[in-house]
Amino acid sequence: MMNFLRRDFLKLGLRSLSAIGAASVVGRLSQVNALAQTACPTDYKALVCVFMFGGNDGNNTLVPVSTPSNPNNSYSNYATIRGGLALPQTSLNMIGTSKGDQFGLHPNLVELATLYNSNKNVAVVANVGSLVNPLTQTQYLQKTARIPANLFSHLDQQTEWQTAQAQGFANTGWGGRLADAMQGCNTGGFPLIVSLNGNVLFAAGAQSSPATVTAGAVAGLQGFNTTAPSVARLTALNNLLGFDNGLELAQASNAIGSAGIHQSTLLNQALASGKALTTAFPNTSLGNQLLQVAKIINVRSGLGVTRQIFFTFLGGFDTHDKELNDQATGLTQVSQAMQAFYTATQEMGVGQNVVTFTESDFGRTLQPSGGATLGSDHAWGSHHFVLGDAVKGGDLYGTFPTQKLSGPDDATTRGVWIPTTSLDQYGATLANWFGVPPAKLATVFPNLANFKTPPPAFL
Amino acid sequence: MNLRIRRIQGGLVCALGLAGTLGFQAPVLGQTATTVTITPTAAGVRLGTAFQFTARVTGNTNTTVAWTVALPAGDTGSPGTVNTGGLYTPPAALPSGNTAIVTVTSLAAPTASASATVTLLNPYPALSSTFPGSVTVGAFTLTANGSNFVNGAQLIFGGVALPTTFVSATRLTATGTAVQSQNNTRVAVAVTNPAPGPATSTDAVTVTVGSLDGPAKITATAAARFLDQAAFGPDAATIVHVQGTGLDGYITEQLSAPVSPYPDPVNIPVNLALVQARFFANAVHGQDQLGQRVALALSEIMVASGVEENTPAQLVPYLQVFQKNAFGNFRTLMNDITLNVAMGEYLDMRNNDKAAGTALANENYARELMQLFTIGLSVLNPDGTLKLDAAGNAIPTYDQATVQSFAKVYTGWTYPTKPGATLAKHNPAYYVGPMEAFDANHDTTAKTLLQYAAPAGVLTSLPAGQTAAKDLAQALDNIFYHPNLAPFISKQLIQHLVTSNPSPGYVNRVATVFYDNGSGVRGDLAMVVRAILLDPEARAGDNGTAFNLPIGNVPPGGTGDAANDPGTVAIGTHLHQAPRGGAKFSTVAGHLREPMFVIPAILRGLGAQVNDTNALNSLSTSLGQNVFSPPSVFSYFAPGYQIPADFSAGATLGGPEYQLQSPSAAVGRINVLNTMIYGSLGNGALIDLTALTNLGNSPPALMLAINNAFFYGLMPPNMRSDILSAVNAAATGTTAAAAKARAQAALYLALSSSYYNVEH
């Protein structure tokens, strides 16, 4: 059954490469039909992750100004602790919450602040981070409850945000496992996940793997035409991709090469018939990635997909120094690109069907670090954004930490926030909206059961 | 009595100073005039050798003298120096007249003086080694390593002076020809410095012509396979060479190979293009193949990226740290990379202030040096596997407090002081030399280091009050002696050079050498590299049986050997039966060629020419690897990266380089082959397909040549027949164009195959 299905996918996908017989491609394009017995949704939904690599400083992303719900926090308290790293109060983009608090978004998050205040389709989720289970300060300091593995290490914390396996090593990501659970509802043979960041762990499933694309034109196999020598060479190329020489690493290389040819063929076929988008995107790294995402969403019916997950990224957030300059650069790009993408979803009529959310390695210490130009060090919980017309926006979800060094929320002495909302809870809200079968949620977020409080209700 | 008084007077003079002129301006009445003599009055002195003159003062109670040295009038250059005791040190280079005048003058009677004439001679040259250490009969190029070479020096090979180029005081290059009568013998070599004072080295250095052990020590298959690990891929000449030296001999020879230079950052444009281009030129043509491989592996472990350190002034000294230390000691490497300015900028150690006001010391370098460069996050067994606690969990090597403590160690360092400037707390940006300590900005509180059973003399905490330099030295020792270092670094070097999935036993054998090179020295990288390359697990796979002539040696239109000729019954049978002989070749062995290594490997195999201003980095960038510019401190790929389950039949399969090999990148890699074979490499690099095109009308010979050049002669027969069918269909007729089309089709398919791209 599976083989039959796969073969159908291949026939569809490789029609343009006439020299390739369907059976000749042996890449494991395993689109496991996990939902074969379940009714597949007929609507379209997409999740778009914007990962800020390096650890975005949440303390300068969301600044408490006047917070009756926690009188310990205030702008002056923030400014005192942050010293030369404090943002001027007058530069902040003010937002309010349903609890009557006033916060300021970073001065360069102009577009997200407008969407939050006017369109009410941006939610902010406070102090999200990697956790295995709920963790109090006492439990953390006395090590009486499970603590995430390798806190404060970029690679490990990026990994935990992507795998939702805070106890340590995992070789699948939560996006990939969500794709495993939903893949069967896509019919075109095109993977459910599309990564703009190559082999990112977020997108690796147990039975599925992402399509990978970069911004700009999708490169297919080059240098072939319909002449007999070319056809013979393409046939040989495919035969070699099916060649088993007993070397596992070479087999993997064959599978990846086959998948790449297959994906680029499907994508270029679909994109060739797509209607051009008129929304203007900023010509930035993230802007161009989200433009590519929009183009792919735009040809969703041609690709035969009803559920899609995208992974986009931006680096440069490891602001050990020059933070005031570098974070402003990064957040400008995030804010402008996310707004343009949102506008494009409206243009495509899928504003209600697409949710964009942010992730990052970790937050940064509230206390600055020394050096000629100030920065901050690796910390833990941080604040994140969710955008889309389905989002119950214009509000802050979760609990904002008390900004006090060695205070009740500090894991160290430098303002390192112990998260009060786990990544698993944050992700579960997204996955539930996406339509993950309830029985599958625990495979996507195995640690979710450890958290008794319900996931934040921003969707 | 009289004598005693004189001595006392003399002593007083010395002590008072002034009294010299006062008391002895005129000789004491009744005594003879002051005279000074110098011995000898003429001397021949060789550069690099000091010479002692003596002086005698008579006729005066004050015998103190002043020594000076000068050139004869009209001469130019440096005369050298002479100290207060008459010890003459010659200059570094000969002055124009090869002469210096040493003069001694009485302090008491400045009109009394004497001079000696020094005839300066070239130094005695010392020859330590040649590269290569062996040559074959016919023309050769030798590099001589040693000291005291001067311009005009000649290399003497078997009594024959060779045309020689002076490179530096420690290096000459020469060309010559070994004759048949020298075959399979050791030929004495020496260096002669020219006049003045011509002299010949007396060191017992020989060059082996041919092989002393008769014919080839190893098969061409073994040599070619080895050169994918120890070099940037095999080429016809080096295969033959390694067959003569053997693997161990090749490694020994490589230890003294001349280092391929990067461009001098002073005189080139401010972007990295020429530095990146030089990577490819050096990889294809450089003699220091193994040194380059090791340096690059280390630079991909200890990352400062050209993305931020984006000028040659910043990046070249960083790259030179690895060139200098590739075969040195890891502890020296730790010191040099810690104080490298580019690294200081990249990970914020330069201008890292001690805690002041609201700010604490920066943790960036403290964390990454331990996590990524030296010991890793979790306690390891000597075989590289995780040590687990009773509950089966990994054990952290350090905690956040340790990181903060090390952050304090790294405070107080700033840019090197520009010539003419004064050291300040924050020196202005300057990239010549290591960072310098400004101790007033160093955190002098006590510090807790890594806690483990450290050997005697290695501290696990630092007392308060130490200087930045002392804290640094002791803290780096604390890391260097941590038991994790050996398996952590050994395994990654194995992964870079040989295989993604070494067995724990392999890691353990190499780590054992890292702990102790056999002479009690820890961290000897030359011995570690030797252990990696000569390990049985690296060598499993060498004993494929069929290997024939490299490209160019197959006669045009020839059919190669019968064993590989499809017209015979013997087609590939021994390959098919035993491609790996009896060796225990693991099915998870080998590793994906790094994208930036694919290009030089292909160019070497094809005998391509690459100059220093090539544009090959654009090809590498399109393969996902912009040379010297990894996206972050985590390098291009993580050592623990595992291939997605969907592509590894669900198995857990390690493959660091696969982190770059996404589906779209795999298509990109095939497309780069299309560019290389059917398109152009851009300026500065040229593939000459003539040798293969000459075989293009004989597809079996063509396939044989490609098999030998790129597959160690071990291309599986069914792969060969798949390619052959496309080659046969590539063109009709025997025109040059048809022959070339067949050669191109064969190369494209062979080199885009996974069997080639996974080096094994």
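In chain B, the C-alpha centres of domain 1 and domain 2 lie 56 Å apart. Domain 1 covers 2-121, and domain 2 is made of 219-544 plus 579-688, according to the domain assignment. Before going on: this is a predicted model.

Some totals for chain B. Its secondary structure comes to 25 helices and 27 strands. Of its 760 residues, 52% are buried. Taking the contacts in chain B with a separation of 6 or more, 67% are between residues 24 or more positions apart.

Next, the nonpolar cores. The largest has 292 residues, and Ile532(B) and Ala746(B) are the ones with the most contacts inside it. If we set aside neighbours within four places in sequence, Ile532(B) is in contact with Leu493(B), Ile494(B), Leu497(B), Val498(B), Val510(B) and Ala538(B). There is also a second, separate core of 22 residues, and Val45(B), Ala55(B), Val65(B) and Tyr88(B) are among its members.

On to the sheets of chain B. One is an open sheet of three strands, in the order E3-E7-E6, with antiparallel pairing. Which strands stand at its edges? They are E3, residues 51-52, and E6, residues 81-82; each has a single partner strand, so one side of each is left without a neighbour in the sheet. E6(B) is joined to E7(B), residues 87-89, by two bridges. In that pairing Thr81(B) stands opposite Thr89(B).

E19(B) has a parallel pairing with E11(B), residues 134-135, through two bridges. There, Ser134(B) has Thr208(B) as its bridge partner. E19(B) also pairs with E17(B), residues 185-193, this time in the antiparallel sense and over five bridges. In that pairing Val187(B) stands opposite Val207(B). As a reminder, side chains in a regular strand alternate between the two faces of the sheet.

Now the backbone. Most residues other than glycine have a negative phi, and most peptide bonds are trans. Asn184(B) is in the loop between strand E16 (171-178) and E17 of chain B. Asn184(B) is not a glycine, yet its phi is positive, about 60°. Is this residue buried or partly exposed? With 14 C-beta neighbours inside 10 Å, Asn184(B) counts as partly exposed. Pro196(B) belongs to the loop between E17 and strand E18 (199-200) of chain B.

Another cis bond runs from Thr39(B) to Pro40(B), with omega near -10°. Pro40(B) sits in the loop between strand E1 (35-39) and strand E2 (42-46) of chain B.

Staying with chain A, look at Gly304(A), in the loop between helix H10 (300-303) and strand E8 (307-314). Gly304(A) has 16 C-beta neighbours inside 10 Å, so this glycine counts as partly exposed. From Gly304(A) to Thr187(A) is 117 residues in sequence but 5.2 Å in space, C-alpha to C-alpha. Beyond its neighbours within four places in sequence, Gly304(A) is in contact with Asn186(A), Thr187(A), Gly188(A) and Phe190(A).

Last, where the chains meet. The contact takes 70 residues from chain A and 75 residues from chain B. On the chain A side, the elements supplying at least two residues each include helix H5 (154-163), helix H7 (228-241) and helix H8 (248-272). H8(A) gives the most, with 14 residues. By type, the chain A side divides into 27 nonpolar, 37 polar and six charged residues.

H8(A) itself has 25 residues, of which 21 are buried, so the helix is largely enclosed by the rest of the structure. At 1.5 Å a residue H8(A) should span 36 Å, and its end C-alpha atoms are 36 Å apart, which agrees.

How values were computed
Residues numbered from 1 in each chain as written. Chains lettered and ligands numbered in written order. Predicted model: local features only at pLDDT ≥ 70, side-chain atom pairs only at ≥ 80, totals over all residues. Pairing = 2+ DSSP bridges. Helix = DSSP H or I, 4+ residues; strand = E, 2+ residues; numbered from the N terminus. Contact = placed C-beta atoms within 7 Å. Nonpolar A, V, L, I, M, F, W, Y, C, P; charged D, E, K, R; others polar. Core = buried A, V, L, I, M, F, W, Y, C linked by C-beta atoms within 7 Å. Buried ≥ 20, exposed ≤ 12 C-beta atoms within 10 Å, placed from the backbone. Domains from an automatic or database assignment. Expected span 1.5 Å × (residues − 1).
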